[in-house]
Amino acid sequence: MRSNNPVLNRLDETGRVEARVLGSRDVEPMTVDDVVVRTVGLLVVTGATAAVSWVVIPDVAWLGAALAGSALASIALVLVISLRGITNPVPIVGYAVLQGLLLGVASRAFEQVYPGIVVQAVAGTFGVFLGMAALYRARVIRATPRLARLVIGTLLGIAVLSVVNLVSYLISGRPGLEVYSVSGEVGWLPYVFSVVAIIAGAFSFILDFDLVERSVRDGRPRRYAWLSAFGLLTGLVFLYWQLLRLLSYLRR
């Protein structure tokens, strides 16, 4: 079964091939603990960078352009790491630093308008993640082919619509499906779009947990734990952005 996450898809494909090639060679296999430790480490890097950018980076006129450039750089880095199946920790940690920069500055902007919203978004993100992990561990929700098709199709649609919406906004100034400002009126469509994105993001963790579990069972090399952790980090960051946006809608 393929994951909705292109990063972990790459792990599933290249890791299986490499495991066959290595065969009986003396290669240390990855474990769940390896993935957990690296995921926590990347979250610490992201959080620390966000805290520094929150405090250090000033509110200046060109900040919006800088954030847009950083966001595009993050997307490019995700594509490079996922498509090439990079397991080197240097670019992966670089992505965590770049996302921390974006999260810190953007979160501060939301917090200034809606006090307490960042804590709510962070709590919601980890609450959803831990809740889905508990449901997966108890086998209440299973990574079936039908669930995989539904989640993958939904997230692909969200990705395409988000890009189209951003281009439309840059050309016409009309937000459409997503509202990029921290204040102002919001129609019903952005609410629906955010809720669907949050639900899809939550169920994506089920597929990712399943893929990591199978990677450990198949004995893939330990270095693939970095790619697994990177995939989980991208899912957490996506969920945080969606929750932050939805909470800001509800408080306008």
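Colleague: What does the model count, and how are residues numbered?

Modeller: Residues are numbered from 1 along each chain as its sequence is written, and side-chain values use heavy atoms, with hydrogens and water left out. As this is a predicted model, local features need pLDDT of at least 70 and side-chain atom pairs count only at pLDDT 80 or more, while totals for chains, interfaces and linings use all residues.

Colleague: How many helices and strands does the protein have?

Modeller: The protein has 8 helices and 0 strands. Both are DSSP runs, helices being H or I with at least four residues and strands E with at least two, numbered from the N terminus.

Colleague: Why is the contact of Glu-178 and Arg-245 called a salt bridge?

Modeller: A salt bridge requires a side-chain nitrogen of Lys or Arg within 4 Å of a carboxyl oxygen of Asp or Glu. The closest N and O atoms of Glu-178 and Arg-245 are 3.2 Å apart, so the pair qualifies. Glu-178 lies in the loop between α6 and α7 and Arg-245 in helix α8, so the pair ties together parts that are 67 residues apart in sequence.

Colleague: Are these two partners, Glu-178 and Arg-245, buried or exposed?

Modeller: Buried means under 20% relative accessible area, exposed over 50%, and partly exposed in between (1.4 Å probe, protein chains only). Glu-178 has 6% relative accessibility and therefore counts as buried; Arg-245, with 15%, is also buried.

Colleague: What class does each partner of the salt bridge between Arg-220 and Asp-218 fall into?

Modeller: The side chains of Arg-220 and Asp-218 meet at 3.0 Å, N to O. Arg-220 is buried because its relative accessibility is 0%, whereas Asp-218 is partly exposed because its value is 38%.

Colleague: Which parts of the chain does the salt bridge between Glu-28 and Arg-222 link?

Modeller: These side chains meet at 3.0 Å, N to O. Glu-28 lies in the loop between α1 (6–22) and α2, and Arg-222 in the loop between α7 and α8 (224–250), 194 residues apart. Arg-222 has a relative accessible area of 31% and is therefore partly exposed.
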